[in-house]
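Please look over the sequence and the structure shown below, and keep both in view while reading this briefing on salt bridges.

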Amino acid sequence: MKVFLVTCSVLASASAHTIFTQLWVNGVAQGATKGIRVPTYDGPITDVTSNDVICNGGPNPLRTPLPTDIINVKAGDKLTAEWHHTLDSTQATDNADPIDPGHLGPTMIYLAKVDNALTATVTGLKWFKIFEDGMDSSGKWGVTRLYNNKGKLDFTFPSCVPSGQYLLRAEIIALHGAANYPGAQLYMECAQLNVTGGGSTNPPTVSFPGAYKGTDPGIKFQLYYPTPTTYVVPGPTVFKC
Ligand SMILES: *[C@@H]1O[C@H](CO)[C@@H](O)[C@H](O)[C@H]1NC(C)=O
Ligand SMILES: [Cu+2]
């Protein structure tokens, strides 16, 4: 029975992927795909050592030209990342929108300071994590909370980091195939931010690729049996001001 369920879930999910398509600032939608480097296909990245794990690309070519708009944010603003199954799906017509509910795993948000968010190349950036939601003590996942909230994830832009331009990397990891590496499905897109009103704290940073390894317990993970009781979200600890 277990084997059947697992197989079925994987088959049913084969193309039920997801894309971060819109950012909200203090409850105001910024426009679908505005300021977000979206891919043309909603598939996952599975090689955590590849440059495609930074801001997508590779098997999911980014839409070109890159967006020419930037999203204005004040440090301390409440932001909301919104995901959808594809660039134009809605929950009304697609029960795998924003994501197949069987794609269980964590949600995460990272930032990297850049000189110019419109033109920044993504290799060599220094990233810090500002949000994560893994598995809670009742066994419920970040993805389930995201699904129940219609693809929307709320978090706060840190008030103490410097003003200037940033790339914001929003990520979901689906663990249904993660028992072996490569298998975890990483979904990520980067938004272009212009931040004012910041402070002077420079958080510790990590690199992508590099922040994750195929052997990390949050990347190589058995989702189904035995039923997991804990989950360690991969990457650095969440930075707090
Ligand atoms: C970023 O915000 C500042 C302050 O509002 C503004 O002067 C500047 O033009 C903005 N930069 C871009 C690229 O929009
Ligand atoms: Cu998928």
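Are R169 and E171 buried or exposed? Both R169 and E171 are buried, where buried means under 20% relative accessible area, exposed means over 50%, and partly exposed lies in between, using a 1.4 Å probe and protein chains only. This is a predicted model, in which local features need pLDDT of at least 70 and side-chain atom pairs count only at pLDDT 80 or more, while totals for chains, interfaces and linings use all residues. Residues are numbered from 1 along each chain as its sequence is written, and side-chain values use heavy atoms, with hydrogens and water left out.

**Salt bridges**
- Side chains of opposite charge can pair when their charged atoms come close.
- Counting a salt bridge as a side-chain nitrogen of Lys or Arg within 4 Å of a carboxyl oxygen of Asp or Glu, the model has four salt bridges.
- One of them joins the side chains of R169 and E171, with N and O 2.9 Å apart.

- R145 meets D133 in a salt bridge with an N to O distance of 2.8 Å.
- This pair links distant parts of the chain, twelve residues apart, since R145 lies in helix α3 (residues 142-148) and D133 in strand β7 (residues 127-133); helices (H or I, at least four residues) and strands (E, at least two) are DSSP runs, numbered from the N terminus.
- R145 also forms a salt bridge with D136, whose closest N and O atoms are 2.8 Å apart.
- Through shared partners, salt bridges join D133, D136 and R145 into one network.

**Exposure within the network**
- R145 is partly exposed, at 29% relative accessible area, and D136 is partly exposed at 27%.
- D133, by contrast, counts as buried because its relative accessibility is 16%.

Technical notes:
Chains lettered and ligands numbered in written order.
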